[in-house]
Amino acid sequence: VITALGKTWHPEHFTCTHCTQELGTRNFFERDGHPYCEPDYHNLFSPRCAYCNGPILDKCVTALEKTWHTEHFFCAQCGKQFGEEGFHEREGKPYCRDDYFDMFAPKCGGCNRPIMENYVSALSSQWHADCFVCRDCRQPFHGGSFFDHEGLPYCETHYHAKRGSLCAGCHKPITGRCITAMFRKFHPEHFVCAFCLKQLNKGTFKEQNDKPYCHACFEKLFG
C-alpha cells in the first residue's frame, strides 16, 4: 500500500496522471490533487525558456515578460551573457550595451560611431560634442557659430577657403567688395604693389612672378 496525497493506493494504481506509468517510490509532483512523474510535471506545468522552449527546472531569469534558463539569457547579437551593465531591449530581444548602441543608436556625423550620451544636433545629423568641430582645422566653434559647406561644418576661415573667398593678401574672409586678379581674390585695400605697398586698381598693375606691381615700381625693377 502507498500512502500519498492524503490517500492510500494500490501500488499499481499510483500512477502518473499523464503517462500512467507507476510512480512507486519515485519522486512525484502534485497538481490539483493529481500525481505526476517528474518529467511530465515539468513538461506540462513548469515555465518555458523563451530561447529553447524547454521547461525550466531550476533557477531562471524573468525579463521582457518572459522566463529564461540563466544560461540562455544572453545578447541576441553577440551571444555573450550580461554583466553588471544589464541589457537593452529592442523588439522583444535583449542586447548588450555595445551591440545595442552599435546597431540601433544614431551614428555621429563626424566619426560614424554610435552616440551613447550627449550630442549636438546640426546639419540634419547628430554629433558627439567632441566631433562637432571645423572639418579642416578641427577647432571647436566659438559661440556655437559655424558655416555649412556641402553638409559639413567649417569655421569662418576654412569655409571661405573652401569657397575661394579668402583674401590672398591678409588670408581673411572676404564678405564685401573684392578685387579678382591673378586668379585670386583680394580685399580692395589689400591689393597693393608688392614693392611700394601702394593700393592698386585692378586694371593698373603689372604682374611679375605671380606678384602685382604698380607701373612705376615695375619699370624701376624690371624695365
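Which helix holds Phe222? Phe222 lies in helix α4 (residues 215–222). Helices here are DSSP runs of H or I with at least four residues, strands are runs of E with at least two, and both are numbered from the N terminus.

This is a predicted model, in which local features need pLDDT of at least 70 and side-chain atom pairs count only at pLDDT 80 or more, while totals for chains, interfaces and linings use all residues. Residues are numbered from 1 along each chain as its sequence is written, and side-chain values use heavy atoms, with hydrogens and water left out.

Confidence comes next. pLDDT is the predictor's confidence in each residue, from 0 to 100. The protein chain has a mean pLDDT of 90, and 100% of its residues reach 70 or more. Among its elements, strand β12 (residues 152–154) has the highest mean, 95. Strand β1 (residues 2–4) has the lowest, 85.

Back to Phe222. Its relative accessible area is 36%, so Phe222 is partly exposed (buried means under 20%, exposed over 50%, partly exposed in between, with a 1.4 Å probe and protein chains only). Together with Phe195 and Leu221, Phe222 makes a nonpolar surface patch of about 280 Å². Patch residues have over 30% relative accessible area and no salt bridge; nonpolar side chains (Val, Leu, Ile, Met, Phe, Trp, Tyr) are joined within 5 Å, like charges within 9 Å. Areas come from the Shrake-Rupley method with a 1.4 Å probe; for residues, only the protein chains shown count as cover.

The structure holds one salt bridge (a side-chain nitrogen of Lys or Arg within 4 Å of a carboxyl oxygen of Asp or Glu). Arg184 pairs with Asp210, their closest N and O atoms 3.5 Å apart. Arg184 sits in strand β14 (residues 184–186) and Asp210 in the loop between β15 (206–208) and β16 (211–213), so the pair ties together parts 26 residues apart in sequence. Arg184 is partly exposed at 28% relative accessibility. Asp210 is partly exposed at 45%.

Now the rings. Those of Phe, Tyr and Trp (its six-membered ring) pair if their centres lie within 6.5 Å; planes under 30 degrees apart count as stacked, over 60 as edge-to-face, the rest as tilted. The count is 22 aromatic pairs. Phe147 and Tyr159 are stacked, at 5.0 Å and 25 degrees. Phe147 lies in strand β11 (residues 147–149) and Tyr159 in helix α3 (residues 156–163), so this pair ties together parts 12 residues apart in sequence. Ring pairs also link Phe29, Tyr36, Tyr41 and Phe45 into a cluster.
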